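Colleague: I have just opened this structure and would like to understand it step by step. Could you talk me through it?

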Amino acid sequence: MIWRVLLLFILLFIDAAHADDVLHLYNWNNYIPAQTIARFEASCACRVVQDYYSDNEEMLAKLAAGASGYDLIVPTGNAVESLIRQGALRPLDKNLLPNLHNIDPAYLNAAFDPSNRYSVPYAYTLTLIGYNREKIRELDLTTDSWAIIFEPIYLKKLKGRVTVLDSQRELLAAALKYLGYSVNDVDEVHWKQARDLIIRAKPYWAAFNASSYIKELTVGNIWLVHGYSNDIFQADLDAQKANRKFRIVSSIPKEGAVMALDSMVLQKTGSHPDLSHRFINFMLDGRNSAELTNLIGSGNPNRDALQYIRPEISQNPAVFPNRAQQVRLEMLHDLNRHQRRILSRIWTQIKLK
Amino acid sequence: MTDSGHKHTRAARLAKYLMGGPPLLFLLLLFAVPSVIMVLASFRYPGEFGGLAPLTAADPNTLQGVTLETYQFFFSDLIYIKVFIKSFFMALATTLICLIMAYPLALLIALSPKKNRNLMVLMVILPFASNFLIRVYAWMIILGPQSVLSQLVNNFLHLFGNAPVHLLFSPFAVLIAMVYVHLPFMVLPLYSNLEKHDPSLLDAAQDLGANGWQRFWRVTFPLSLPGIFSGSALVFIPVLGMFAIPDILGGTGDMLIGNLIKEQFIGTRDWPFGSTLSIMLTIAVLLIAWLAAKLGGHRGHYA
């Protein structure tokens, strides 16, 4: 009897020890390759458990509603800013991150987290114009400007074949850029100009869409999108896999575009800070970091990773923009509650027109 | 009622509480309490990061306390009323189409031999076996520009010299999926009502010289009104709050109240205004239910 109880205790203890070595990662969908996770698990003798979100707002809303206990989160810059101001993050211990020097300094010290007290760059996406190369060529259109998304003279040829992101901030940012303003302009007059520009173009668009446009591009139903660089990359991969007679390519508009830098941060309520630092340091290794880029075509801020990235990706200017293009990229800042409410009303007006 | 009350023994009363208690508690916990929270939230300021601003804060510069600003904001621009009106028309159209399609079907099932009825009802319920979202996504394929349906429609339009139309990402796509998803909710209450009709009433009407149409319009239809009302409520109210279908199948203009409310809680992180919109929606639904009950009551008298 006593042995059984003892055995039970031992089993319980082993189980508890196991439970201690679980890293809780709250991440974007499909934002880390399975083999990378497997290698980390082998190296640390731990388990990585992932929860997923599909946009920052969803993640912030879940945390605001009290979700806790995540060790690591991978939010975009403006969401990092919001989390820092809420006091929801744990400062990093840089001594545990020797691989941090691999990050290109251009991506460090961003406005959302000066001197990277809380965040380590993970990957970035650009919001650009993606298109069906053969169709756009056939129609003799140029894609180097947001004009093709907003100007009826071009859109006439594309009626019902264009989708734009179903995101207030992203669409407003594109319109603001086209009008010559910053993506972070909060002047209500400028917002209204952007609104009117969007309303004028809207009849030519098929939908506001943030997810199924990848498939629609691949199938050939949609010819031009305002979308994320890695989605467009995915659409091209799928189109090639399906032996389509067209390629899906992207271009950075000359007016500039939004860059979303996703960073690894530690939630304050996470219970494995050491393991989390090991994970971050592991992901800062060029080889590991490159795997993600090779899988989904995301931008990579890691200098050491470049040598491991497939050349068709590393030489693609829409994934790795040159210095001249980099200057015209902007990251979104968080809006305050008043601005959010006004923007929501503008969005309602856009949708209802 | 009062007579039987005296006869109630203690045990019977206890049984009554035991049976009625849990559902009552359930309703109270999951409907009344959240509603009260919503009403209270609508008078607060939004928190900077979602949630609510504190009622009292040490720092006098932070927003705190209670306010009417969400209600002022709601009425400051007609746009929100317009979203409501649009959603009501969508819900009304869905309800009417469901009614027109469901009534003959329910009647058919009710008039079938008893042994077939269960099978037919099962077939009405069968779509529930697969997930709601998958069924909505399936419509993306059915309505997509390369689908057989789209090509048939556009070939037909072409014959008459009309320009091709896009079925997907349109109010039409939203309406069709709304009807598809909610049709069983109209069929089932109608069927359970029609099934109980006493066939001897129709025989009596026939004996008194009523023709087929008269028998339906003067006997069956008035008797089925309760079924129509409950079916309509089961369709109208969920459609009013639906956000997934316009999100997936809607075009650039298909925003309904459901989408607007969802956006307040997720994208805009403005819980007080989201609560205000929900309360306005509840008030509007109650108003409509009250109106319908009044109208229904009148009809009942004539019947």
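Predicted model: local features only at pLDDT ≥ 70, side-chain atom pairs only at ≥ 80, totals over all residues.

Colleague: What radius of gyration does chain B have?

Modeller: The radius is taken over C-alpha atoms, and the globule rule is 2.2 Å times the number of residues to the power 0.38. The C-alpha trace of chain B spans about 85 × 80 × 35 Å along its principal axes. A compact globule of 303 residues would come out near 19 Å, but chain B has 25 Å.

Colleague: How many of the 12 residues of α5(B) are buried?

Modeller: A residue is buried if 20 or more other C-beta atoms lie within 10 Å of its own, exposed if 12 or fewer, and partly exposed in between, with C-beta atoms placed from the backbone. In chain B, buried residues make up 28% of the 303 residues. Helix α5(B) is hardly covered, and its count of buried residues is zero.

Colleague: Which residues touch the most other members of the largest nonpolar core?

Modeller: A nonpolar core is a set of buried Ala, Val, Leu, Ile, Met, Phe, Trp, Tyr and Cys residues joined through C-beta atoms within 7 Å. This one has 145 residues, and those touching the most other members are Leu72(A), Val162(A) and Ala175(A).

Colleague: Which helix gives the largest share of this core, and where does the core lie in chain A?

Modeller: The largest share, 13 residues, comes from helix α8 (residues 171-194) of chain B. Domain bounds come from an automatic or database domain assignment. Both domain 1 (2-122 + 260-320) and domain 2 (125-258 + 333-352) of chain A give residues to this core, so it lies between them.

Colleague: Which helix of chain B supplies the largest share of the side that touches chain A?

Modeller: Two residues are in contact if their C-beta atoms, placed from the backbone, lie within 7 Å. By that rule, 30 residues of chain B are in contact with 27 residues of chain A. Both α4 (79-111) and α12 (257-265) of chain B supply at least two residues of this side. The largest share, four residues, comes from α12(B).

Colleague: Is Ala45(A) buried or exposed?

Modeller: Ala45(A) is found in the loop between α2 (34-44) and β2 (47-53) of chain A. Its phi is near 50°, a positive value in a residue other than glycine. Most residues other than glycine have a negative phi. With 8 C-beta neighbours inside 10 Å, Ala45(A) counts as exposed.

Colleague: And is Arg269(B) buried or exposed?

Modeller: Arg269(B) has a positive phi of about 50° although it is not a glycine. Its place is in the loop between α12 and α13 (271-302) of chain B. With 25 other C-beta atoms within 10 Å, Arg269(B) is buried.

Terms used. Residues numbered from 1 in each chain as written. Chains lettered and ligands numbered in written order.
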